[in-house]
Amino acid sequence: MGGCFSKPKPEKEVDGLSPNGKASPFADCRPNGALGHGSDDDSTPLPLYNKPRDYVEASVCHVKDLENGQMREVDLGSGRALLIKEHGEFSAMAHKCPHYGAPLVKGVLSKGHVRCPWHGACFNIATGDLEDFPGLDSLPTFQVRVEKDKVIIRANKQALQSQKRSKPMARCSAVINSSTGFSHVLIIGSGPAGLVCAETLRQEGFTDRIVMCTKDRHPPYDRPKLSKSLESTAEQLRLRSMEFLQDHDIELLVDKEAVAIDVKTRSVTFEDGLRMEYKKLFIATGSKPKPMVYNGKEVRNVFHLRTPEDANSIARLASNKNAVIVGTSYVGMEVAAALTDKAHSVSIIGIESVPFKKALGEKVGKAIMKLFEVNRVKFYMLNEVSEMIGQHGQLKEVVLKSGKVLRADVCVIGAGSVPATGFLKQSGIHMDSRGFITVNKMMQTSADGVFAGGDVVVFPFPPRHNKKVNIPHWQMAHVHGRVAALSMMGRPADLKTVPYFWSAMFGKTIRYAGYGDGFDDVIIQGDLDELRFVAFYTRGEEVVAVASMNYDPIVSRVAEVLGSGKTIRKRDVETGDISWLIDKGSQ
């Protein structure tokens, strides 16, 4: 299955913890300079950084060292920057994606933005602004000028070190008593959809009250990391600190679970009896574990991974013990991978014949299954749990419907999820037969003033002729939050993004872009046995999605092509020559 292209050297992804979001002082960075013209990025400096010693200036290359469409990571002495040349103009900005620190030089440069090679976030090369998700922060930009054929960058030292900035945000101008049971915007859920909605409102100049409620006990944190980094604390995973939220007048109420919505009185009732009225409501409650039927539900040490405390308990209980994972969802498989170097044994129970068969196809699923088996994970496929047996109340055995009995000290159930919308049943808000909230392209529900986004919704998806779909990706939830916020402010925006997903196991990352639901063929280039491959998912004669391992930045390249509205034909990828998709723009 070898294709006619050289295999790029795999980039070792350091799956670092998401940075804590402190307000950055570089929100007013000026645009980059053009070739032969120095931009005056100091014309409106922030007073704190108005001293020459706060800046560094360096000649980084000859003017002819970069061709149009190329990028280079350069050293300024006090830090590194990304130098870009497009349409004869140079620009410079931070070199790391603020999401997980990916080297942007290995990303995709196209039409005035750079797309991250790891997870697909996009940044405007003139302003550094985040244009597509995931992530919350933008990039600082630096002044570029050309003197005597030398390219010179002038950069703020602290910006070079921080490698990120927050967009400017408005403050709340209304005089609010925090005990007042009314909020102009009430957000239920503090995941990426809810958080991005709140931040977008402030970035767009919204000056009324914003209250965000969550049944979680923590400020917003990076939930996808839970299954990959079981020993991480909520503080290590947090996306925004309480100080950040307070600084931008985003009120966060933790341990607040919504139990009912009355769309006539525009009010939400919470489990503790609190009732809050709203002018606009955004529902982003995410998903919850799919119910499972088995005997022995009272047995302890059986987990659904929902919180950092769950993850920490799983890691602790599995140490040198027997761990059983029920379900071959991404979460289940990631937990299994994370436990292999801690547990005495790891077993996975799945109802399919091969993990990920429906999402990635049988061939890719088998290759990933082999990776797990090499790492001493045992599979019990085409099977289900019949009973959990305990001793002194604690799990000791998992009995399968086949009759097989597995020794188990801890069990993690990762058998899929359903939308967390049970509290909406009497609300009158329209949901489909599976419990998903139906929204239009502006994220509006059937109820006036009520919006929804993230895992709980089905929404019209333009690449599928506006068919209503559910795409429960972390990245997609960010997009929904932004679209909903703009809609609330009367500035409807198109839902213009390419779904992007990733999963990490044994130090290897699967990247996926597009919407492959209902694919009828998989075209594989590269080497599945070596786990260095690209899989193109097709419907009819059209490529609708792509997955890869160790072929960066091909998934971001395909996302860029699909995002531009172009169609990739099946015949374009069947030949084996996909060199047109391999990025040659970085040095």
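Across which strands does helix 10 lie, and at about what angle does helix 10 run to strand 35? In this predicted model, helix 10, formed by residues 554–563, lies across strand 31, strand 32, strand 34 (532–539) and strand 35 (542–549), and its direction makes an angle of about 160 degrees with that of strand 35. The strands in question belong to an open sheet of 5 strands, arranged in the order 31-32-35-34-33 and paired in antiparallel fashion. The loop between strand 35 and helix 10 contains Pro-553, and the peptide bond that joins Asp-552 to Pro-553 is cis, with omega at about 0 degrees.

A second open sheet consists of 6 strands in the order 1-10-9-4-3-2, again with antiparallel pairing. Here the edges are taken by strand 1 (55–62) and strand 2 (70–75), each of which has a single partner strand, so that one side of each is left without a neighbour in the sheet. The twist in this sheet averages 30 degrees from one strand to the next. Within the sheet, strand 3 (residues 80–86) and strand 4 (residues 89–93) run antiparallel and are joined by 5 bridges, with Ile-84 placed opposite Ser-91 of strand 4.

In the loop between strand 8 (130–132) and strand 9 (141–147) lies Pro-134, and the peptide bond leading from Phe-133 to Pro-134 is cis, with omega near 20 degrees. The loop between strand 9 and strand 10 (150–156) holds Asp-149, which, although it is not a glycine, has a positive phi of about 65 degrees. Asp-149 counts as partly exposed because its relative accessibility is 43%, a value in the range between the limits of 20% and 50%.

A positive phi is also found at Met-443, a residue other than glycine, where the value is near 70 degrees. Met-443 is located in the loop between strand 27 (437–438) and strand 28 (450–452), and it counts as buried because its relative accessibility is 0%.

Helix packing is represented by helix 2 (residues 192–203) and helix 9 (residues 474–488), whose axes are 7 Å apart and meet at an angle of about 40 degrees. The two helices are therefore oblique to each other, and the crossing of helix 2 and helix 9 is right-handed. On the side of helix 2, the contact is made by Pro-192, Ala-193, Val-196, Cys-197, Thr-200, Leu-201 and Gln-203, whereas helix 9 contributes Trp-474, Ala-477, His-478, Gly-481, Arg-482, Ala-485, Leu-486 and Met-488. Classified by residue type, the contact of helix 2 with helix 9 comprises 10 nonpolar, 4 polar and 1 charged residues.

How values were computed: Residues are numbered from 1 along each chain as its sequence is written. This is a predicted model: local features need pLDDT of at least 70, side-chain atom pairs count only at pLDDT 80 or more; totals for chains, interfaces and linings use all residues. Side-chain values use heavy atoms; hydrogens and water are left out. Two strands pair if DSSP finds at least two bridges between them. Helices (H or I, at least four residues) and strands (E, at least two) are DSSP runs, numbered from the N terminus. Contact means heavy atoms within 4.5 Å. Axes are lines fitted to C-alpha atoms, for helices over the stretch in contact, and angles run from 0 to 180 degrees between N-to-C directions. Buried means under 20% relative accessible area, exposed over 50%, partly exposed in between (1.4 Å probe, protein chains only). Angles under 35 degrees count as roughly parallel, over 145 as roughly antiparallel, 65 to 115 as roughly perpendicular and the rest as oblique. A crossing is left-handed if the near helix is turned anticlockwise from the far one by less than a right angle, and right-handed if clockwise. Ala, Val, Leu, Ile, Met, Phe, Trp, Tyr, Cys and Pro count as nonpolar, Asp, Glu, Lys and Arg as charged, and the others, Gly among them, as polar.
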